[in-house]
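Let's take a walk through a protein model together. Keep the picture open while you read.

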Amino acid sequence: MNDLQQQYRLEEVRKVFGRHQIALDGIDLGIQKGERVALIGPSGAGKTTLFRLLNCTLRPTSGKIWINGEDVETLHGKQLRQARRKIGTVYQQHNLIPRLKVIHNVLAGQLGRWSTLRSLASLAKPHDEALVHKALDQVGIPERLFDRTDELSGGQQQRVAIARVMVQDPDVVLADEPVSSVDPALASTIVRLLIDISRDTGKTLVVSLHSVDLALAYFPRVIGIRNGTTAFDLSPENISDAMLEELYAGSGRENSDTEAMSEPANSIAYPSIS
Amino acid sequence: MNLPTPSRIRQSPKSLFPYLFAGLFLLAFFDSWQRAGIDPKIFFEARGQRALGKFLTGMFPPDLSPAFLSLMFRPALETIQISILGTIIAVMIGFPLGLLGTNTMAVAGILNEAELQGAPLRRGLRYAVYFIARGLLSLFRSIPEFVWAFMFVRAVGLGPFPGVLAIGLAYGGMLGKVYSEIFEGVNYRPLEALQSLGANKLQIFFYGWFPQALPNFVSYTLYRWECAVRASAILGLVGAGGLGQQIEISMRMFNFNEVLTILIILFLMVAAVDYLSAKIRAML
């Protein structure tokens, strides 16, 4: 059952917060290595929670997840960190450290490989400047190496976050609403960037998108998620307007690029830790 | 959609709580007023006015003679030295204990969820360390630095050393508590991102936690240093060196003009520390 070609395998995965807040309600899913998959669906459908399960930030309440044939349930401590190192995540809010220089935010991608001491030393004198140069060059902001990260625009910061994933060099790239806080023109540039990275290096790519148009245009496989479960899992040519309408029914939105800009952050946020 | 329901935003029925709270507050206020023996009339009575007048007029003019000022130089310097060393020890105690006592670092929230779910032994161990750290911090700060100093003077003798130890322990307790609150207050999303790329707790701390907390961390530590300057003056009263010892001597001799001089020196030192810390914070 644990096919070597399989990046992810999920069986009957449920995630319940507290007692009654059901975020995921029985997801079955298999994703092959090197596949490129888009997730779409209304806010609160469970996409962010699904990502947090896929990158080992959360564990399912019930059900099973295999990553690369390995049962996630058995992973703790160092093994868990090793598993996480092979999964790169780009977030909607880019989630960089605003006060650190760009170079440190990008080099953070190496933390899974570095010892604690080495990572501390790098804050004083950055290891591997060339690597950061190359990554920033690829995402199109080569000259911002030593700027403080909060001096960059939102779109530039998202590129820094992508450069961080490139430096991390994982097997899988997950991107949770990577373009819903940038303008539409930049949105397709960034989606293309992610696709290029996946294509060049054979990385598996899973992206959730508010923009259905982008999902249908760029991904050979599109999964619709609604109420914590999969509504459909098809190639774009097999997805009808009726299916999309049903997917978003009652959520009061239209499926267009411009809509993506005004969409608020996912409403199933993790319960605040502060 | 059946989720997520905004369960936290609840329409509260008309609550008695505010009235109850106001009543309790008034009760506490008047009761304290009575029991603390507060008596403003004393300022208007002849006896009280005479005593006050004697104290105040005795203070003027302050003793600014070169002889006295040069005598105060060493104790003033000592006070600064006690405050600096004391604060450094306090940071050395408060920082690690505050870190271990940070809820979101030790046991709770998204940075511990995957690690501790289904691992009761790990969870128990983490909780034990967490409570020990918080317990130590509470212990250190619940005993006033004055009492610490008193004990250390008995233990290691008169002089600045017991003052340094007293400030180190009492302020270590305060710093640690506030550090943990500062650490708990940072934006957790960047930390989640660092965790998800395989960083360990310490790496997350150095790359995410500490940089975000730095401004608050520095300004609170500097504020505590300012407090330590004042405190180290007071500690002299129990024999722990510095300006306090001089205040005590002058008070006992009824040389109130000397007391005023020392208070002025103290004020200038605190103002200087405040100025310095403003400069440091501006650099961040």
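This is a predicted model: local features need pLDDT of at least 70, side-chain atom pairs count only at pLDDT 80 or more; totals for chains, interfaces and linings use all residues.

Residues are numbered from 1 along each chain as its sequence is written, while chains are lettered from A and ligands numbered from 1 in the order in which they are written.

The largest nonpolar core has 128 residues. Such a core is a set of buried Ala, Val, Leu, Ile, Met, Phe, Trp, Tyr and Cys residues joined through C-beta atoms within 7 Å. A:Ala38 is among the members that touch the most others. Helix α10 of chain B (residues 201-235) brings the largest share, 13 residues; helices here are DSSP runs (H or I, at least four residues), and strands are too (E, at least two), numbered from the N terminus.

Now follow α10(B) along its length. A kink of about 60 degrees sits at B:Leu214, shortly before the proline B:Pro215. That bend is the angle between axes fitted to the seven residues ending there and the seven starting there.

On to the contact between the chains: chain B puts in 35 residues and chain A 40, with contact meaning C-beta atoms, placed from the backbone, within 7 Å. On chain B's side, α10(B) gives the most, eight residues.

Finally, find A:Ser208 in strand β8 of chain A.

Terms used
A residue is buried if 20 or more other C-beta atoms lie within 10 Å of its own, exposed if 12 or fewer, and partly exposed in between; C-beta atoms are placed from the backbone. Two residues are in contact if their C-beta atoms, placed from the backbone, lie within 7 Å.
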